[in-house]
Amino acid sequence: MKRDKQESQAQFNRRAVLLAGLGGAAFAGLGARLYSLQVHHQDRYRVMAEDNQFNFRLQTPARGRILDRFGEPIADNRESYRIVLIPEQAGDARAALDRLAEFMDLSEERRERILAEIARSPRFQPVEVAEDLDWETFSRVNLFLPDLPGITPDVGEVRTYPYPQAFAHVAGYVQAASEEAAGDDPLLLHPGFRIGRAGVEAAMDERLRGAAGQLKVEVNAYGRVIRELPEQSNPAVRGQDVTLSIDASAQRFGTERLAGESAAAVTLDIASGEILSLVSTPSFDPNLFVTGIAADDFRALNENEYRPLFNKATTGLYAPASTIKGMMALAALEAGVMEPGERVYCRGHTELGNRRFHCWRREGHGSVDLHEGIKTSCDIYFYEVAERLGIERIHAMATRMGLGQLYDIGMHIPARADGLVPTPQWKRARRGQPWTTGDTYNVGIGQGDMLASPLQLAVMTARLASGREVTPTLLRRGATDFASLGLDPEHQERVHRAMRAVVHEPGGTSYWTLQGLGVEGVEMAGKTGTAQVYSITAAERAEGLREQDDLPWRLRNHGLFIGYAPAIDPQYAVAVVVEHGGGGSRAAARPARDMLKDLIERDPAGRLPRVVAAAGTPGEG
């Protein structure tokens with residue numbers, strides 16, 4: 001019995017020693033591990049601990065402004081109060097939105113949109129709940145923030161366009177980046193960040209965008225910010241401002257002048273090629289696109305027959321009609337196929353084979369020379385000019401004057417805005433048909449397949465006025481030494497006199513409409529044009545349909561006018577197209593004259609005093 005007791009005691013002692021040894025070994029291992037963590041890996045774990053204590057919040061940069069030539073903002077920023085939700089901090093997102101709805105208006109439709117965005121986004125990525133809140137709502141949410149885990153109020157900036165209707169087609173607008181464009185860029189994924197989607201905003205986006213910064217913040221165990229550490233942060237870099245050549249006053253004036261019309265207008269500083277106004281009416285409010293345009297609003301814009309979303313000034317293409325007759329006359333003189341005093345008899349029509357080509361004046365103009373041909377816009381005279389020139393020489397001069405060309409003016413323009421100056425090769429490739437003299441006749445008066453944008457017409461006008469290869473730009477660059485077009489100065493002078501006569505001599509197609517520029521001591525030159533849209537048939541005439549005003553709006557002719565001023569030593573050029581406005585002298589001449597007058601009186605290029613003095617002597621009629 002005693003022996004058994006001794007053996008049990010010995011067994012207990014062995015187990016105790018063994019357990020003590022194991023405990024000692026475990027304690028030693030634990031100590032060694034603590035020593036390793038605290039001594040050998042202290043740097044690594046210090047960083048990890050700091051990561052849990054500190055966080056970096058992405059700072060979105062302020063977007064650069066878009067300014068007119070005098071520094072007036074046409075795209076700016078203003079403060080915006082917004083609420084974002086961080087899913088990984090909010091837990092049940094639907095419950096978080098239910099709690100938030102107690103303090104602000106949150107429709108069921110908006111909740112579903114937010115939940116859908118949360119579902120397709122990483123949990124750590126903030127999702128915008130509301131933007132551009134009023135101060136009362138924003139303050140109420142801030143007051144109850146302790147009851148709203150995962151909800152973060154934020155004060156950011158939102159793009160604003162102070163003159164939306166006037167500048168929508170120039171400035172464009174910004175919107176949130178698409179998933180494809182954003183990729184994994186944290187800045188583009190930020191709910192408050194916008195990128196350019198149209199106009200200058202898109203063309204200059206990288207320059208306007210700036211660079212993101214980081215704000216270091218201390219957070220508690222729940223991830224809530226308890227302290228900001230700006231001294232340890234990298235501030236965002238504001239985007240650069242962009243200064244355009246646009247004169248905001250001229251842009252607003254042109255927009256108001258063409259209000260109610262479906263129209264476009266372009267004014268240029270001839271010495272620099274700087275675009276002073278680029279008007280397309282009607283327009284739209286780009287502010288609607290910044291925060292997300294409602295479906296009904298977009299549908300109304302998209303279905304409007306006046307096409308307010310379409311930039312007619314740069315992408316609208318129209319038959320240039322009689323506005324090209326100055327260019328045609330110059331081509332004829334340069335080619336030596338017409339003498340200035342050579343006369344052509346107009347009886348209202350001419351025959352070509354079995355086909356009759358009419359003049360716009362059915363009773364005819366009688367005998368006209370080059371001066372009278374331009375002044376009265378006689379079609380018969382220019383049928384003769386076109387036939388003698390031939391399509392190849394017409395094409396060469398039209399291209400030389402800037403038609404059929406695509407200009408990089410600093411904003412996106414669809415490729416089709418390069419217009420068309422047709423050739424026999426084009427017609428055969430497009431239609432499989434040979435070129436005819438009738439085609440040349442049509443091109444000779446700016447009809448047929450010929451197409452040009454208002455921007456191209458303004459360039460043609462500036463080149464006619466200066467004899468130099470003026471190229472347009474939407475950016476400030478100052479007076480430029482454009483290459484000479486190599487035109488005979490005497491030929492230029494003859495065309496200039498005839499275009500002046502259009503406005504200042506009785507019988508000129510704009511004489512009764514305009515009777516001058518309206519600025520003492522300064523004259524202007526110009527040319528009207530009427531682009532046929534629909535030809536009234538003989539049957540319709542027999543039924544009494546004779547006048548353009550009797551047609552539906554969309555079938556009426558387009559009215560055009562090009563002009564420049566002063567008539568001598570020209571400074572400013574203008575081109576106006578009024579869709580379905582009827583004749584050019586009726587629809588487009590007055591707005592064009594008023595825009596030129598506005599520029600002459602204000603002189604945004606700052607060179608007019610010298611020009612006015614030179615223009616004191618009227619040109620010869």
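The following conversation goes through a predicted model of a protein chain.

Visitor: What kind of model is this, and how many helices and strands does the protein chain have?

Guide: The model is predicted. The protein chain has 28 helices and 19 strands.

Visitor: What about contacts: what share join residues at least 24 apart?

Guide: That share is 73%, counted among contacts between residues at least 6 apart in sequence.

Visitor: How many positive and negative side chains are there?

Guide: There are 71 positive and 82 negative side chains in the protein chain, and the centres of the two sets lie 4 Å apart.

Visitor: Let us turn to aromatic rings. How many aromatic pairs are there?

Guide: The count comes to 15 aromatic pairs. One of them joins Tyr-81 and Trp-135, and this pair is tilted because the ring planes stand at 55°, with the centres 5.3 Å apart.

Visitor: Where do Tyr-81 and Trp-135 lie in the chain?

Guide: Tyr-81 belongs to strand β3 (residues 73–85) and Trp-135 to helix α6 (residues 135–143). The two are 54 residues apart, and the pair links distant parts of the chain.

Visitor: Is Trp-135 buried or exposed, and why?

Guide: Trp-135 is exposed, because its relative accessible area is 55% and the cut-off for exposed is over 50%.

Visitor: What about Tyr-173 and Phe-289: why is that pair stacked?

Guide: The ring planes of Tyr-173 and Phe-289 are at 25°, so the pair counts as stacked; the ring centres are 4.4 Å apart. Tyr-173 lies in strand β6 (residues 173–175) and Phe-289 in helix α13 (residues 287–290), so the pair ties together parts 116 residues apart in sequence.

Visitor: Are these two residues buried or exposed, and which aromatic cluster do they belong to?

Guide: Tyr-173 and Phe-289 are both buried. Together with Phe-284 and Phe-298, they form one aromatic cluster.

Visitor: New topic: where are there cis peptide bonds?

Guide: Pro-282 lies in the loop between β12 (275–281) and α13. Another runs from Ala-565 to Pro-566, where omega is near -15°. Pro-566 is in the loop between β18 (558–565) and β19 (572–578).

Visitor: Which residues other than glycine have a positive phi?

Guide: Among them are Asp-132, with phi near 60°, and Asp-603, with phi about 50°.

Visitor: Where do those two lie?

Guide: Asp-132 lies in strand β4 (residues 127–133), while Asp-603 is in the loop between α27 (589–602) and α28 (608–614).

Visitor: Are they buried or exposed?

Guide: Asp-132 is partly exposed, because its relative accessible area is 34%. Asp-603 counts as buried, because its relative accessibility is 12% and the cut-off for buried is under 20%.

Visitor: Which residues does Thr-440 touch?

Guide: Leaving out residues up to four places away in sequence, Thr-440 touches Ala-386, Glu-387, Gly-390, Ile-391, Ile-394 and Trp-435. Thr-440 lies in helix α21 (residues 437–444) and is buried, with a relative accessible area of 7%.

Visitor: Finally, how many residues of helix α7 are buried?

Guide: Seven of the eight residues of α7 (residues 164–171) are buried, including Pro-164, Phe-167 and His-169. Gly-172 follows α7 and has a positive phi near 80°.

Visitor: And how many in helix α16?

Guide: Helix α16 (residues 325–335) is mostly covered, with nine of its eleven residues buried. Among them are Lys-325, Met-327, Met-328 and Leu-330. Just after α16, Gly-336 takes a positive phi of about 75°.

Methods
Residues are numbered from 1 along each chain as its sequence is written. This is a predicted model: local features need pLDDT of at least 70, side-chain atom pairs count only at pLDDT 80 or more; totals for chains, interfaces and linings use all residues. Side-chain values use heavy atoms; hydrogens and water are left out. Helices (H or I, at least four residues) and strands (E, at least two) are DSSP runs, numbered from the N terminus. Contact means heavy atoms within 4.5 Å. Lys and Arg count as positive and Asp and Glu as negative; His and the chain ends are not counted. The place of a charge is taken as NZ of Lys, CZ of Arg, CG of Asp or CD of Glu. Rings of Phe, Tyr and Trp (its six-membered ring) pair if their centres lie within 6.5 Å; planes under 30 degrees apart count as stacked, over 60 as edge-to-face and the rest as tilted. Buried means under 20% relative accessible area, exposed over 50%, partly exposed in between (1.4 Å probe, protein chains only).
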